[in-house]
Amino acid sequence: MACAPVNNNNPIEIVKPALETANPYAAVDKSPMDMSYYPVNYPMQLMSGNDSTGLVARVIYSRPQKNGRNIFGFDPPPKSLQQYGTYWRLGANEATEIEFFKPVIIEGKKIARGRYIIYCIPFEDKWTVIFNTNLFDWGLHPDTKKEMARVDIPAIKTAVPIEFFTMVFQQSPKGADLVMAWDNVKAVLPISF
């Protein structure tokens, strides 16, 4: 709240700010971009000067919302936002990008250090995760000739639906897990290094 200067002839004017102010430069994206790191606290380590392990992996993705929609299913859109058995760019907007800062092993497959687009083909019981070197197609038309690796991981039903699609790294005994969750499904990609 703001007040105008007080004078004897006019009462104090109270101005209430609007709860939502339109951005005069660009509309606010409904699926904001996010970034996850491994080690999870890497940004804090770097800023404090305590970076003893170095960055292993980073994922950059957009976070769509459930927003009352049915996310995964057998029916094509609009009944199911993501139809089983079809390519998904693991998020919204531009394709999801993963970068490994050292060589890793995922489900027995060696993945070289570098940047990749990470796709998913979800099924009811598993997700097929695909690493692709074609970085600049927005994930709209996957080029299968540029696939580096495909791995299958279980799709796990969760008790509580998650509103925002989420990708986070968690420490594991052999390295890290990339946990991907949305609606009532999560899938865990094991990464060894």
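Is Lys126 buried, partly exposed or exposed, and what is its relative accessible area? Lys126 is partly exposed, at 29%; buried means under 20% relative accessible area, exposed over 50% and partly exposed in between (1.4 Å probe, protein chains only). The model is predicted, so local features need pLDDT of at least 70 and side-chain atom pairs count only at pLDDT 80 or more, while totals for chains, interfaces and linings use all residues. Residues are numbered from 1 along each chain as its sequence is written, and side-chain values use heavy atoms, leaving out hydrogens and water.

**View 1. Lys126 meets Asp152.** Their side chains form a salt bridge (3.4 Å, N to O); the term means a side-chain nitrogen of Lys or Arg within 4 Å of a carboxyl oxygen of Asp or Glu. Asp152 is partly exposed at 40% relative accessibility.

**View 2. Lys66 pairs with Asp183.** The closest N and O atoms of this salt bridge are 3.2 Å apart. Here Lys66 is buried at 16% relative accessibility, and Asp183 is buried at 8%.

**View 3. Glu99 pairs with Arg58.** Look for closest N and O atoms 2.7 Å apart. Glu99 counts as buried at 15% relative accessibility, whereas Arg58, at 21%, is partly exposed.

**View 4. Inside the largest nonpolar core.** This core has 36 residues, and Phe100, Trp127 and Phe131 are among those with the most contacts inside it. A nonpolar core is a set of buried Ala, Val, Leu, Ile, Met, Phe, Trp, Tyr and Cys residues joined through side-chain atoms within 4.5 Å. Phe131 touches residues including Ile98, Tyr116 and Leu189; contact means heavy atoms within 4.5 Å.

Key
Lists of a residue's contacts leave out its neighbours within four places in sequence.
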